[in-house]
Amino acid sequence: RSADSQLCGTALARMASIPHLAVVAVLIVGAAAFTGDLYTFEQRVNHFDAHDERTFAQRYTVNTTFAQPGGPVFFFLAGEAPMEFFDFQEVQIVENWAKRFGAAYVVLEHRFYGESNPLPGYSTANLRYLSKEQALEDAAHFVRWFHHRHEHARGPWVVFGCSYSAALSAWFREKHPDLVIASVAPSGPVEAQLDFKTYFGQFSRSAAPACVEAVRAASEEIYRLTRSVDGRRRLSEAFSTCEPVTKDDVVYFLWSVMGAVGSADQMDNPPSWGLNTTCSILTRKGSSHLQNMVDAVRFNMQPEAPAMLRSVVPPTVGAPENCLDMSEESFIAQMKNSTNSDRSWYHQKCTEFGFFKTSYPGTSAFFPDIPIDHLVSYCSRIFGIPRMEPDVAATNAHYGGYHVRASRVLFTNGLLDPWHLLSVNKNDGRGMHGVQAVTYEAGHCATLIRETASDPPSLTKARAAVGDFLEEALRDAQA
């Protein structure tokens, strides 16, 4: 997924008890992230029911380090993780573009992620208020409120995002062109897709041929071992699973292995270039293909690995230290727990986007039998709704899919990142009156991270294109 890992923080649930819609902002004393001072804002629980007067405390930050009187506001929509997670992806916006254009920088946390929860817990009933539509109206309601209450809000607004929230930023420009003059949408997957079978296929194009062949050889051996009781026992021992791998676990087990290794290209960014490290493990001499795959899985699941590479297979409570929980039953049980914040993104997958990463014969170097029906069945099992399946056709019909119906939107995409396959990679020919795109040779949201000595020229050029886009958009807004 574009970001399954979650960060922790202090609860602000007491703020959600404010009974009326008189908007308040509360400074959380002593709380300051890279993004600025932290506040809360009284947001509506349901924007689509005028009779529902419930509100909740939505977090936001304000950074006025480089703000100039009358200058622009750069507005970052945090996505499917707590807002603190996105600090490393905000470097260019603050240190480069906000400084260059004298902009204030504002970040809004997404509902049901981090501490901005409309209702306590993540029950299926509560998650009915989690949708892209509610999130877009959260942002609109916030901008209107902020515009009248902050001295640095008078200039033109530009909306930014990363990954899912980059798609939101493009849709926000489409839906509310009166509130923002432009959108910058790095790695935004605007095309909802139920069966995302090209995700793991991208690995074969991003990785070196020797690495791809090593994956193919290891995958063939692992798949063969899953076919027998003795083979599954060997796999349980090799991967140090918390419980023995059973026949019923096979799809989830293979999906977990593939997810850990096959996602290494997504965040293949400088200076760490994580795919290179993964491939160096997979092609290591002196050990078997199986052992190399085991070590590559563990490398990409370790806590210090890039967050978006980690698989959702945490150790079982009470299980041996460092074991891998690759039991499907355990996964479903954890996801059914209404206190588990991972339910938020899974609910959006199961209702709006799909993005289920499958694999069939010939579609990837990994396993031949990770079918869509099995992965979609998790939705009903987790949320208790019979035959639950995302309505991706409605999402694409409403927002246009690849054909974003907006002006002044710039997509930036890494060609090593599988998510570029669901984003916009070419200009639509209308210039600033339409949608523009620039690509580069790296991974997810790389135009937002800090420059390094190992940046490829295409990435440097893409960042420069963002600066030029902002300059033109701001000039046009002042004309």
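Q: Which cysteine does a disulfide join to C350?
A: The model shown here is predicted. A disulfide is a covalent bond between the sulfur atoms of two cysteines. In this pair the S to S distance is 2.1 Å. The cysteine joined to C350 is C379.

Q: Is the disulfide of C350 and C379 left-handed or right-handed?
A: Look at the torsion about the S-S bond. For C350 and C379 this torsion is about -80 degrees, so the disulfide is left-handed.

Q: How many residues apart in sequence are the parts that C350 and C379 tie together?
A: C350 sits in helix α12, residues 343-353. C379 sits in helix α13, residues 372-383. The pair therefore ties together parts of the chain whose separation in sequence is 29 residues.

Q: Is C379 buried or exposed?
A: A residue counts as buried when its relative accessible area is under 20%. C379 has a relative accessible area of 0%, so C379 is buried.

Q: How many disulfides does a search of the whole structure find?
A: The pair C350 and C379 is one of them. Others include C162 with C445 and C242 with C323. For the whole structure, the search gives a total of 4.

Q: How many residues apart in sequence are the parts tied together by C162 and C445?
A: These two cysteines form a disulfide with an S to S distance of 2.0 Å. C162 lies in the loop between β6 (157-160) and α3 (164-175). C445 lies in the loop between β11 (435-440) and α15 (457-478). The pair therefore ties together parts with a separation of 283 residues.

Q: What is the torsion about the S-S bond of C162 and C445?
A: Both cysteines are buried. Their disulfide is right-handed because of the torsion about the S-S bond, which is about 105 degrees.

Q: Where in the chain does C323 lie?
A: C323 is joined to C242 by a disulfide, S to S 2.0 Å. The link is right-handed, with 85 degrees about the S-S bond. C242 lies in the loop between α7 (229-239) and α8 (250-262), 81 residues apart from its partner. C323 lies in the loop between α10 (289-301) and α11 (328-336).

Q: What is the relative accessibility of C323?
A: C242 has a relative accessible area of 10% and is buried. C323 also counts as buried, with a relative accessibility of 4%.

Q: Which pattern do the disulfides of the protein chain follow?
A: Count the bonded cysteines along the chain. Then write down which number pairs with which. The pattern is 1-8, 2-4, 3-5, 6-7.

Q: Within what arc do the buried residues of α7 fall?
A: The buried residues in α7 are G231, R232, L235, S236 and F239. They line one face of the helix, because seen down its axis they fall within an arc of 145 degrees.

Q: Which residues are exposed on the other side of α7?
A: The buried residues of α7 are covered by elements including α6 (209-225), α8 and α10. On the other side of this helix, the exposed residues are V229 and E237.

Q: Which residue takes a positive phi just after α7?
A: F239 is one of the buried residues in α7. Just after this helix comes a phi of about 50 degrees, a positive value, and the residue is S240.

Q: What share of the residues of the protein chain count as buried?
A: The protein chain has 15 helices and 11 strands. It exposes about 18500 Å². Of its 479 residues, the share that counts as buried is 60%.

Key:
Residues are numbered from 1 along each chain as its sequence is written. This is a predicted model: local features need pLDDT of at least 70, side-chain atom pairs count only at pLDDT 80 or more; totals for chains, interfaces and linings use all residues. Side-chain values use heavy atoms; hydrogens and water are left out. Helices (H or I, at least four residues) and strands (E, at least two) are DSSP runs, numbered from the N terminus. Buried means under 20% relative accessible area, exposed over 50%, partly exposed in between (1.4 Å probe, protein chains only). Accessible areas come from the Shrake-Rupley method with a 1.4 Å probe; for residues, only the protein chains shown count as cover. A disulfide is a pair of cysteine sulfur atoms within 2.5 Å. The arc is that of the directions from the helix axis to the C-beta atoms. Contact means heavy atoms within 4.5 Å.
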